[in-house]
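Have the sequence and the 3D view open side by side.

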Amino acid sequence: MIEIETQKSETVLGRLVVVGLGLIGGSFAKGVRESGLCREVVGVDLDPQSRKLAVELGVVDRCEEDLAAACVGADVIQLAVPILAMEKVLARLAGMDLGQAVLTDVGSAKGNVVRTARAVMPERLGRFVPGHPIAGSEQSGVEASNAGLFRRHKVILTPLAETDAEALALVDRLWRALDADVEHMQVERHDEVLAATSHLPHLLAFGLVDSLAKRNENLDIFRYAAGGFRDFTRIAGSDPVMWHDIFLANREAVLRILDTFRSDLDALRDAVDAGDGHQLLGVFTRARVAREHFSKILARRAYVDAMNSNDLIFLAQPGGRLSGRIRVPGDKSISHRSIMLGSLAEGTTEVEGFLEGEDALATLQAFRDMGVVIEGPHHGRVTIHGVGLNGLKPPPGPIYLGNSGTSMRLLSGLLAAQAFDTVLTGDASLSKRPMNRVANPLREMGAVIETAEQGRPPVTIRGGHKLKALTYTLPMASAQVKSCLLLAGLYAEGKTTVTEPAPTRDHTERMLRGFGYEVSVEGPTASLVSGGKLKATHIEVPADISSAAFFLVAASIAEGSELLLEHVGINPTRTGVIDILRLMGGDITLENQREVGGEPVADLRVRGARLKGIEIPEHLVPLAIDEFPVLFVAAACAEGRTVLRGAEELRVKESDRIQVMADGLQALGVKCEPTADGIIIDGGEIGGGEVHGHGDHRIAMAFSVASLRATAPIRIHDCANVATSFPNFLALCAEVGIRVAEEGKS
Ligand code: S3P
């Protein structure tokens, strides 16, 4: 009978029997014994020396040679014998009266153990909790027993359909007492995962060393074998008997992964044989990125919302003045498009100045997942080996796009025309954003697209549907919708024509031309005809005016500032922020104006100025759509009232930017009132306090800038998504004189 009682906060178990006093069994016994959870720990081992040592070293309270004698009165029996011996021990236990004892094991394969248990003790399955601690050490034997061996290591329990909840909870409790991270998994899944991540690598390491050792010149080979060989074959030093057992025990799963690997290896051999450097580069670049992003891959998605899980707080100190010259990172919109068009082009496209922020990286990863070989990014340089308009391959799973609305909307257009299905997913913020604005017109073109309720992500796109061209008038000023339809138009039969209600950013149109694809633009209407090709090109991404905007406002509101922002893109569809600040009295001059790869750029000089409130002209709204959070900060510092209208789109950005900014400004004592399509802000003093970034990069950065005129520190919660568009924001702030840092770091 299991006796669980609570003494102070401790649960006490009567008797634990550990069968097999090697490293794992000994460490489990010692750990449970030291935890005080159990009154008595009994060891069983065939080797008299091990039994003696186990008692001397305090691993167990006492030892038995005979299994039946040890198991009398046991509450939990832990089987820690070699994996092939499990079958024999289970058969012996089946013949004993074990009462209600819970049976568990530590075997590295689970299928064979479970099969045996089902065969020999079908009536005891309710009390059986198969398990596998993923821990070990180079040492072995009871003398290496270490109560801390499982600390922060994974222990996988694979309960059966028949396993009692109470038995599972008990075994779970014992492992947690040893500080292990316990997970539950199905038996088959466990064996597949372990075959791939542990068993196959061991087989390869043993195999490689043996293969080289057999050769005549082996001495030379080993003498010169440096890092690579040594690193790769470290695990060939593991216990041969144990591994021989594991391969026999987990034969089916090992064979499946080995066959897959063998065909991948054959493909690599063919590539080497054919001198196919492109294929090799593809495998190597994907592997390298995969290795860097193991944690993301473990979460089974391409890019992870690093942020929403933990609250990254920015602490901004009041006051300051800006000086110096800086270059903010590359333009986000242009970076996305460079990857998309470069991938669909024929030939190799070189990109410089690429934004290494999470949003653009999500797009990059999406194309890698669809088989495009992309080198970099390395210091903003990316090399894309285009596959042509029809060269994308089905991705291995859903494409995760993090926080990036641009990725999801633009990709929807071009994926609607592919032969394969895709599913697009995103983080919590993206999962709330409207996608029907692209799904509906794409459906009119013949696309088959499903969304979650109210047109929210995930977006499922069915491949294999021929698109026909569409003439469409956008219901809202949106460059994302326009671009999505133009990208779909590359594949749609006929001429696709999009008319916008107000000018929006035209990077897609410009870049398509840069790739040699004809786009005609007449006033508010852009159109293109399918059937052409994109030819690889060179792209220089200018600095992002949307990132520069934070410093334009910062230097404007901080008296005595003078700052030069280098190489900023000043495409006329993006310069609303300069126009609005100038209308407010801002002192901004454009120097060294030039054109780079089809986009106009300039150095922007900005000086501190006395700003005044204005009615923001509505025609400037789409031209400054991403800059309003920080423009609201400018308005809060201006003399008089600023009124914004016609900006309801702000409510469906990464956050509801009207509400979220109004809440934050009010928390800092600024008088303001949100309206359905804008906001009214009365300039005045800004106090200190706590505000929330709501996972929206531009909100977090806007409040960082507000600190320059605040009377006390501002604590900004939920700032991690700053990395989506401006990974070195804090470093550049420090360089020019904005005193904001991650809380707890100087
Ligand atoms: C973008 C267009 C804008 C903008 C977004 C980037 C683009 O969105 O807010 O940050 O790259 O096309 P809308 O087109 O939805 O206004």
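Contact here means heavy atoms within 4.5 Å. The model is predicted: local features need pLDDT of at least 70, side-chain atom pairs count only at pLDDT 80 or more, and totals for chains, interfaces and linings use all residues. Residues are numbered from 1 along each chain as its sequence is written, and side-chain values use heavy atoms, with hydrogens and water left out.

Start with Arg657. It is found in helix α23, residues 657–667. Helices (H or I, at least four residues) and strands (E, at least two) are DSSP runs, numbered from the N terminus. Arg657 has a relative accessible area of 1%, so it is buried. Buried means under 20% relative accessible area, exposed means over 50%, and partly exposed lies in between (1.4 Å probe, protein chains only). Leaving aside neighbours within four places in sequence, Arg657 is in contact with residues including Asp626, Phe632, Asp696 and Arg698.

Now turn to Asp626. UniProt lists Asp626 as "active site" in an unreviewed entry. UniProt positions are given in the numbering used here, feature names are shortened, and annotations may be inferred rather than shown by experiment. Asp626 sits in the loop between β27 (599–607) and α22 (628–637). Its relative accessibility is 13%, so Asp626 counts as buried. Beyond its neighbours within four places in sequence, Asp626 is in contact with Arg505, Ser546, Lys653, Arg657 and Arg698. With Arg505 there is also a polar contact of 3.1 Å between the side chains. A polar contact is a pair of N or O atoms within 3.5 Å; within protein, one must be able to donate a hydrogen and the other to accept it, and residues adjacent in sequence count only if both atoms are side-chain atoms.

The unreviewed UniProt entry also lists a "binding site": Lys332, Gly405, Arg433, Gln480, Arg657 and Arg698. Take Arg433. It lies in the loop between β17 (422–425) and α17 (436–444). At 5% relative accessibility, Arg433 counts as buried. Neighbours within four places in sequence aside, its contacts include Asn403, Gly405, Arg456 and Lys653.

Finally, look at helix α2, residues 48–56. Which of its residues are buried? Ser50, Arg51 and Ala54 are. They cover an arc of only 100° around the axis, which puts them on the same side of α2. The arc is that of the directions from the helix axis to the C-beta atoms. On the other side, Pro48 and Glu56 are exposed. The cover over the buried residues of α2 includes β4 (62–64). After α2 comes Gly58, with a positive phi near 75°.
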